[in-house]
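Work through the exercises below with the sequence and the 3D view at hand. Each task is followed by a solution in steps.

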Amino acid sequence: MAIWLSYDLGATGDYEGMYSWLENHGAKECGSSVAFLKNYKFRNDLLEELKKDISKSVTLNPRSRIYLIFNDKNECLRGQYLIGRRKAPPWTGFGDADEQEIDGD
């Protein structure tokens, strides 16, 4: 299965372990902290098996984030956090939005 991984392991993350895992799986570089794997093999559950596979080679910490982009069973493109979760984007406050949020009464 073809997949893309976006990884953010933090300033002191285990990048050597991640790079080793990516190289061992024939990943292609797609920009800063993004990789493409053309033929990732799994048996039943992509998310669980990939998470376990990466965890064997990469020491993860509470700040580690890995986002997976893949085609689901219906061939629809899907994205999901494999490790970690979404945080506030660095571009917050740079747009032209005039909406103001009002707190309570």
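**Exercise 1. Contacts of M18**

Leaving aside its neighbours within four places in sequence, which residues is M18 in contact with?

Solution. Begin with the ground rules. This is a predicted model, in which local features need pLDDT of at least 70 and side-chain atom pairs count only at pLDDT 80 or more, while totals for chains, interfaces and linings use all residues. Residues are numbered from 1 along each chain as its sequence is written, and side-chain values use heavy atoms, with hydrogens and water left out.

Step 1. Contact means heavy atoms within 4.5 Å.
Step 2. With neighbours within four places in sequence set aside, M18 touches L5, Y7, L9, I54, V58 and I66.
Step 3. M18 is also among the residues with the most contacts inside the largest nonpolar core, together with L5, W21, L50, I54 and I66. Such a core is a set of buried Ala, Val, Leu, Ile, Met, Phe, Trp, Tyr and Cys residues joined through side-chain atoms within 4.5 Å. Here, buried means under 20% relative accessible area, exposed means over 50%, and partly exposed lies in between (1.4 Å probe, protein chains only).
Step 4. The core has 19 residues. Two or more of its residues come from each of β1, α1, β3, α2 (46-57), β4 and β5.

**Exercise 2. The sheet**

Give the order of the strands in the open sheet.

Solution. Step 1. Helices (H or I, at least four residues) and strands (E, at least two) are DSSP runs, numbered from the N terminus. Two strands pair if DSSP finds at least two bridges between them.
Step 1. The five strands follow the order β2-β3-β1-β4-β5, and their pairing is antiparallel.
Step 2. At the edges are β2 (28-29) and β5 (77-83), each of which pairs on one side only.
Step 3. Between β1 (residues 3-8) and β3 (residues 34-37) there are four bridges. W4 has F36 as its bridge partner in β3, and L5 stands opposite A35.
Step 4. Helix α1 (residues 15-24) packs on the sheet and touches β1, β3 and β4 (65-71). The direction of α1 makes about 170 degrees with that of β1, where axes are lines fitted to C-alpha atoms, for helices over the stretch in contact, and angles run from 0 to 180 degrees between N-to-C directions.

**Exercise 3. Salt bridges**

How many salt bridges are there, and which residues form them?

Solution. Step 1. A salt bridge is a side-chain nitrogen of Lys or Arg within 4 Å of a carboxyl oxygen of Asp or Glu. By this rule there are two.
Step 1. D8 pairs with R65, with the closest N and O atoms 3.6 Å apart. The pair links strand β1 to strand β4, 57 residues apart.
Step 2. K87 and D8 form a salt bridge at 4.0 Å, N to O. K87 is in the segment after β5, 79 residues from D8 in strand β1.
Step 3. D8, R65 and K87 are therefore linked in a network of salt bridges.

**Exercise 4. Cysteines**

State how many disulfides a search of the whole structure finds.

Solution. Step 1. The criterion is a pair of cysteine sulfur atoms within 2.5 Å.
Step 1. The search finds zero disulfides.
Step 2. C30 is partly exposed, with a relative accessible area of 37%, and C76 is partly exposed at 41%.
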